[in-house]
Amino acid sequence: MELVEIKEGLARILVPKAERIYDAPVFYNPVMALNRDLSVLAVKAISPKRVLDALSATGIRGLRYSLETPAEEVWMNDINEGAFNLILKNVGLNFGVESVPEGGRAEVKLPNGKRLVVNLGDANKLMAEKFRYFDFIDLDPFGSPVEFLDSALRSVKRRGFLGVTATDTGVLCGAYRKACLRKYLAEPIRGELCHEAGLRILIGTVVRYAAKYDLGVDVLLAYYRDHYFRAFLGLKSGAKKADESVEMLGYLWQEKNGKFRYETGFLPEEQGAYGPMWLGSLKDEKFVEELVKLAKAEPDSIAHKKTLQFLSLLHEELDVPFHYDTHALARKNGLEVVKVSKAIETLRSLGFSATRTHFSPTSIKTNAPFEAVLKSMGNG
Ligand code: SAM
């Protein structure tokens, strides 16, 4: 495997040289640097002791966690032997230490007292071995994380944290409806709400998986970007906490003119429902404020040029379920398209809250009723 050295955040890593990222023998996607930047900030804010990067590929995430956060023990795991050997090389490159694997595992004690463990094997097997051991588990798979959720929810401490990526957007956004029914037991919606609904289906699935272990879920931050979903979740121990999270699941309905409604409930009260999905908040204000503060304090560990801008957008976004896409509304109601900034201004002048949303540059999040939103489009 021909390798090239690159830098991301405070880490140096060797990555395979390849024309296209999916052809490389070990996977590295530079676009995901934004995902990793936000993950580093999240791990800094959470401050976990023991971290698992369960699907590590080049080791970039785990390396960044050990270099850029206070985590004391970082595990990096991959099932691919080429990846395992590359992670060992990358550990050597960053820390100048030789790690000798024994039985598919290598342990390194760093001069600053931190511990690194590199493991070759199936993530589910490792997580089954390390029951209630980790404070933070990162699941960053190809496609859906569902096959790792049960093990992760048993391997993480009962008051621990999960970072979950899903890249199967075609499934969660309804292009492959049957796959969504199979993997997430949920009905996906197509059209302008598909990304937000897909993210909420993903979170709803984690909530359902967690509930059977009497674990509730706090959403610290969840977003959609660059064809993937990402959620940082905090677990809460206890049957009552699990019940409270399950009570935030429900359904979405949408009419032909773009008007939507949603309702919490275990079963849908009417036909034509999308879900079940999470209808609670997508962020914890204090957590996001902390990420913004940390990002500004240490700009060197921001690897992607869009990270700060994106984080500000998430910070400012109104946290209400779903949004209105100005283009879809115009098309569905025979209206002219108005500028998002103009519609937001009108809604605010009518006394409502309204902001842009990271889900789409042409959409608005607002607490205004549908009729007021149409009015803001220049029609009453
Ligand atoms: N987290 C990495 C990053 O930020 O660059 C990218 C990980 S890549 C999307 C997914 C990795 O999961 C691949 O390296 C693949 O070999 C590994 N993988 C797939 N199935 C696995 C399993 N059951 N157990 C452990 N690793 C697995």
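This is a guided tour of one predicted model, stop by stop.

**Whole chain**

Start with everything shown as cartoon. The chain holds 14 helices and 16 strands. Its C-alpha trace spans about 70 × 40 × 35 Å along the principal axes. Colour by burial next: 49% of the 380 residues are buried. Residues 24 or more positions apart account for 63% of them.

**Two domains**

Select 3-287 and colour it as domain 1, then 323-380 as domain 2. Their centres, taken over C-alpha atoms, are 33 Å apart. Domain 1 brings 11 residues to the contact, and domain 2 brings 10 residues. On the domain 1 side, α8 and β9 each supply at least two residues. Which element gives the most to that side of domain 1? It is β9, with three residues.

**The eight-stranded sheet**

Select the open sheet of eight strands. Follow it in the order β5-β6-β4-β3-β7-β8-β10-β9; the pairing is mixed. Look at the two ends of that order. β5 (105-109) and β9 (215-225) are the edge strands, and each has a single partner, so one side of each lacks a neighbour in the sheet. Direction ignored, neighbouring strands of this sheet are turned by 15 degrees against each other on average.

**D78**

Zoom in on D78, which lies in β4. The bridge partner of D78 in β6 is L120. Is D78 buried or exposed? D78 has 26 C-beta neighbours inside 10 Å, so this residue counts as buried. Show its contacts beyond four places in sequence: L55, S56, A57, A83, F84, I87 and L120. For a distance to draw, pick the C-alpha atoms of D78 and N112. They are 34 residues apart along the chain and separated by 25 Å.

**The nonpolar cores**

Switch to side chains. In soluble globular proteins, nonpolar side chains tend to be buried together. The largest nonpolar core here has 103 residues. Within this core, A42 and L233 have the most contacts. Helix α8, residues 194-211, gives the most to the core, with 10 residues.

Centre on A42. Leaving aside neighbours within four places in sequence, A42 is in contact with G163, L220, L221, F232 and L291. Another core lies apart from the largest one and has 12 residues. Select V340, I344, L347 and I364, which are among them.

**The three-stranded sheet**

Next, find the open sheet with the order β12-β11-β13, where the pairing is antiparallel. β12 (260-264) and β13 (274-278) stand at its edges. Each has a single partner strand, so one side of each is left without a neighbour in the sheet. The twist from one strand to the next averages 30 degrees.

Select β11, residues 249-254. β11 and β13 pair over three bridges. To see a bridge, pick L252 and its partner in β13, Y274. Then bring α8 back into view. This helix lies across β11 and β13, and runs at about 65 degrees to β13.

Stay on β13 and pick P276, which is found in this strand. What kind of peptide bond joins G275 and P276? The bond is cis, with omega at about 5 degrees.

**Two backbone stops in loops**

Go to R132, in the loop between α4 (123-129) and β7 (134-139). R132 is not a glycine, yet its phi is positive, at about 45 degrees. R132 is exposed, with 10 other C-beta atoms within 10 Å.

Finish at L185, in the loop between α7 (177-184) and α8. L185 is not a glycine, and has a positive phi of about 45 degrees. L185 is partly exposed, with 14 other C-beta atoms within 10 Å.

Technical notes
Residues numbered from 1 in each chain as written. Predicted model: local features only at pLDDT ≥ 70, side-chain atom pairs only at ≥ 80, totals over all residues. Helix = DSSP H or I, 4+ residues; strand = E, 2+ residues; numbered from the N terminus. Buried ≥ 20, exposed ≤ 12 C-beta atoms within 10 Å, placed from the backbone. Contact = placed C-beta atoms within 7 Å. Pairing = 2+ DSSP bridges. Axes fitted to C-alpha atoms, helices over the stretch in contact; angles between N-to-C directions. Core = buried A, V, L, I, M, F, W, Y, C linked by C-beta atoms within 7 Å. Domains from an automatic or database assignment.
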